[in-house]
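Subject: Structure for you to look at

Hello,

Here is the structure I promised you. Please open it and keep it beside this email as you read.

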Amino acid sequence: MGRPFGVPVYVSPSWFLVAALITWVFGDQLDRILPELGPARYLVSLFFAVAFYASVLVHELAHTVAALRFKLPVRRIQLQFFGGVSEIEKESETPGREFVLAFVGPLLSLALAGIFYLGMKAVDPATVPGVLLAGLMVSNLLVAAFNLLPGLPLDGGRMLRALIWGITGKPMAGTVAAAWVGRALAITVLIGLPLITQTGVLGNPTQDIGGMDTVMDALLAAILAAIIWTGAGNSLRMARLREHLPELRARTLTRRAIPVQSTTPLSEALRRANEAGARALVVVDGQGDPTAIVRETAIASVPEHRRPWVAVSTLAQDLTDGMKVSAELTGEALLDHLRTTPATEYLVVETGGEIYGVLSTLDVEKAFVKAMARPQS
């Protein structure tokens, strides 16, 4: 949709499904309030759906601006099935910044609700502008209230995490507590939302509630509960991964490699690697400078009987600057480098430029799995 503040904004295909649902539901509401609109009510309700998601975008932009202010990179903003998400690539350095980063979104939604409320005072409530402003005020209040619930992955959960982090000095303790509160919220929504609507607490007479309404309420509750439960679990997994990130070291994950000339037959290169106990091949020029990495998948694709007649150069991938990794890289710095320049293998070099070995993304993935499987500290 654009790049406000340099951050790309995307619309998920699921948004169109929600926009159609909002158009249908709000259109039925308009038919009761402004019956004279006729079929045009669906154009008005479509405008409401777009305006509502524009409010959601403003909510997410608040998170984005705060993240950029704290020098945290934001990959993108995505509007999706229920609301939106700002993909901030790094964690806040302090609990205070984490709290501010989470709070600015609901705060701006409350501010928008106030603006729409003031707009309502300037128009006739029995008109299209009046109904639209009232709907936008209520929807932004609901967005703020829902996001302030104290459980991950909601903004209120991040605020709770920041508070516990500040008290205990342990970000993981805050994450665990806020994630479990989030799971409790998911169960509460799954059970409580249908009960509230069926008992008429929201003001709708119980005799007006039909079978289809019951099904829709249960479906909405199940979707919301699934989103909250899944988000809480993902927050726990990501926190546990970040806890073990310092254990990811380029030096310890690197495979030993031997240098070979580009014309070396594959069978001979593999024989030398076996003798040296190496698991990777690096193509070098006449001066011994690395020029390419022989891809592991390419080696596996060559039948053994053809290997004496296949030169390693035909299986190699030319090196780029991004494919060279310092042996000293660890943790998030290592992951940032790999994410910036995707490849299957990387040449790991010492500070002086000497070849240390080859880092395979497969080995990094295995280290990820191992880190995720370890119990939290």
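Lysine 71 sits in the loop between helix H2 (41-69) and strand S2 (74-80). Helices (H or I, at least four residues) and strands (E, at least two) are DSSP runs, numbered from the N terminus. A note on the source: this is a predicted model, where local features need pLDDT of at least 70 and side-chain atom pairs count only at pLDDT 80 or more, while totals for chains, interfaces and linings use all residues. Residues are numbered from 1 along each chain as its sequence is written, and side-chain values use heavy atoms, with hydrogens and water left out.

Back to lysine 71. Its phi is near 60 degrees, a positive value in a residue other than glycine. Lysine 71 counts as exposed, at 74% relative accessibility. Here buried means under 20% relative accessible area, exposed means over 50%, and partly exposed is in between (1.4 Å probe, protein chains only).

Phenylalanine 5 also has a positive phi, of about 60 degrees, and is not a glycine. Look for phenylalanine 5 in the segment before strand S1 (9-11). Its relative accessibility is 57%, so phenylalanine 5 counts as exposed.

Next, a peptide bond. Leucine 152 and proline 153 are joined by a cis peptide bond, with omega about 10 degrees. Proline 153 lies in the loop between helix H4 (128-147) and helix H5 (155-168). Why point these out? Most residues other than glycine have a negative phi, and most peptide bonds are trans.

Now go to strand S9 (residues 345-349). How many of its residues are buried? The count is 5 of 5. Glu345, Leu347 and Val349 point one way from S9, and Tyr346 and Val348 point the other way.

S9 has a partner in strand S8 (residues 324-326): 3 bridges join them, and they run parallel. Two strands pair if DSSP finds at least two bridges between them. Valine 325 stands opposite valine 348 in S9. With helix H11 (residues 331-340), S8 and S9 make a right-handed β-α-β unit. Right-handed means that, with the strands pointing away from the viewer, the path from the first strand over the helix to the second runs clockwise.

Threonine 340 is in H11. At 65% relative accessibility, threonine 340 counts as exposed. Threonine 340 and glycine 322 are 18 residues apart in sequence, and their C-alpha atoms are 7.9 Å apart in space.

S9 also pairs with strand S10 (residues 355-360), through 5 bridges, and these two run antiparallel. Valine 348 has glycine 357 as its bridge partner in S10. S9 and S10 form a hairpin with 5 residues between them. In the turn, glycine 353 has a positive phi of about 100 degrees.

Helix H9 spans residues 266-276. Leu266, Ala269 and Ala273 are buried there. They cover an arc of only 65 degrees around the axis, so they are on the same side of H9. The arc is that of the directions from the helix axis to the C-beta atoms. On the other side of H9, Asn274 and Glu275 are exposed.

**One more residue**

Last, find tryptophan 229 in helix H7 (residues 211-244). Is tryptophan 229 buried or partly exposed? Tryptophan 229 is partly exposed, because its relative accessible area is 39%.

Best wishes
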